[in-house]
Amino acid sequence: MNSVFGNLGIVGLAVALTVLLLVGIKGGGKVKPLGWWPCLILGMLAGSAYAAAGGVFKLVPDLVGSALNVAQGIVPGVTMPAVALTLAIVILFKRLDTRQVAILGIVFWYAASGAGGLWGTLSDAIANLGQQVA
């Protein structure tokens, strides 16, 4: 046995991360609420798991992808790396609560995965980590 929960699977990971974000952001139980950085990282992992899980979870990446395509239509010529950088700037410099950080982490992951370069490498690393955890 090399796992605590046996074969969690990517769908199980997507469900677990979603519940962790939904319940962990508010807190109130024995464990303190999730902080800013954990929400960002868990949001990025959740986005990765959603894309890999497909099915119902595919709705999230499809919705985010559609919104990013609309943004690119409004500002013709804007590239996915520019969108990813803009999202990173918003995440880092705007005062956001943990719920907003988690949601933007999911959106940022999708933009970063399409950006290529360092952004794509980071996104691939997170996707691989999500697959290994599952």
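Modeller: This is a predicted model, where local features need pLDDT of at least 70, side-chain atom pairs count only at pLDDT 80 or more, and totals for chains, interfaces and linings use all residues. Residues are numbered from 1 along each chain as its sequence is written, and side-chain values use heavy atoms, with hydrogens and water left out.

Colleague: Which residues in H4 are buried?

Modeller: Helices are DSSP runs of H or I, at least four residues, numbered from the N terminus. Buried means under 20% relative accessible area, exposed over 50%, and partly exposed in between (1.4 Å probe, protein chains only). In H4, the buried residues are Met-80, Val-83, Ala-84, Leu-87, Ala-88 and Ile-91.

Colleague: Which exposed residues does the face turned away from the buried side carry?

Modeller: Phe-93 belongs to helix H4. Phe-93 has a relative accessible area of 71%, so it counts as exposed. That face of H4 carries Leu-92 and Phe-93.

Colleague: Is Ile-106 buried or exposed?

Modeller: Ile-106 is found in helix H5, residues 98-115. Its relative accessibility is 14%, so Ile-106 is buried.

Colleague: Which residues is Ile-106 in contact with, leaving aside its neighbours within four places in sequence?

Modeller: Contact means heavy atoms within 4.5 Å. With those neighbours left aside, the contacts of Ile-106 are Gly-43, Met-44, Ala-46, Gly-47, Tyr-50 and Val-60.

Conventions. Helix = DSSP H or I, 4+ residues; strand = E, 2+ residues; numbered from the N terminus.
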